[in-house]
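Please look over the chain shown below before reading on. The paragraphs that follow go through some of its side-chain contacts, one group at a time.

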Amino acid sequence: QVRLEESGGGLVQAGGSLRLSCAASGIIFSIDTLGWYRQAPGQSRELVAQITSTYSTKYDDSVKDRFTISRDNAKKTMYLQMNALKPEDTGVYYCKVQGINSWGKGTLVTVSS
C-alpha cells in the first residue's frame, strides 16, 4: 500500500521560503516519477513540479525559477524548496507518485502579503 506523508508547511510572509518534504513508503520509489501538487482555496488541484527517475524536472510557469524539486532515493523522500513566496502560492500542497491514485493529507502553506 502506497503511503505518502507531506510536511514542512506553515505561515510565511511574502518573499520568504519554505521547504516541503514528502516521505513515501510502499513503493520502490527510485523508479517512480514524482510530483508536487497545489490546491488553492476554491480551486482544483494543479501540478506545480515534477521529477523523474532520471532527475529530469519540470515546473509550472507560475513557480519556475522560484521552486526547486529534488529527491533522495535512499530516504524515499522528495522535497520542494520554495523561495520568493507569493500570496498566490497559498494552498495545500500534496505529493504524488505519478500513475498511482494515492494522495497524502497534504501540508498547508499560507503566504501573507
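Predicted model: local features only at pLDDT ≥ 70, side-chain atom pairs only at ≥ 80, totals over all residues.

**Aromatic rings and a disulfide**

Y37, Y94 and W103 are linked into a cluster by ring pairs. Two aromatic pairs are found in the structure.

How are the rings of Y37 and W103 arranged? Their centres are 5.0 Å apart and their planes stand at 80°, so this pair is edge-to-face; planes over 60 degrees apart are counted that way. The two residues come from distant parts of the chain, 66 residues apart. Y37 belongs to strand 4 (residues 34–39), while W103 is in the loop between strand 9 and strand 10 (107–112).

The next pair brings in Y94. Between the rings of Y94 and W103 the centres are 5.9 Å apart and the planes are at 85°, so this pair too is edge-to-face. W103 thus takes part in the pair with Y37 and in the pair with Y94.

K96 lies over the face of W103, and its distance from the ring centre is 5.6 Å. A second contact of a charge with a ring involves R71 and F29. Here the charged end of R71 sits over the ring of F29, at 5.0 Å from the ring centre.

The remaining contact is of another kind. A disulfide is a covalent bond between the sulfur atoms of two cysteines. The structure has one disulfide. Which residues form a disulfide? They are C22 and C95, with sulfur atoms 2.0 Å apart, and this falls within the cut-off of 2.5 Å.

About the S-S bond of C22 and C95 the torsion is about 65°, so the disulfide is right-handed. Both cysteines are buried: C22 has 2% relative accessibility, and C95 has 0%.

Technical notes. Residues numbered from 1 in each chain as written. Heavy atoms only, no water. Buried < 20%, exposed > 50% of the residue type's maximum accessible area, 1.4 Å probe, protein only. Phe/Tyr/Trp six-rings, centres within 6.5 Å; stacked < 30°, edge-to-face > 60°. Helix = DSSP H or I, 4+ residues; strand = E, 2+ residues; numbered from the N terminus. Lys NZ or Arg CZ within 6 Å of the ring centre and 35° of its normal.
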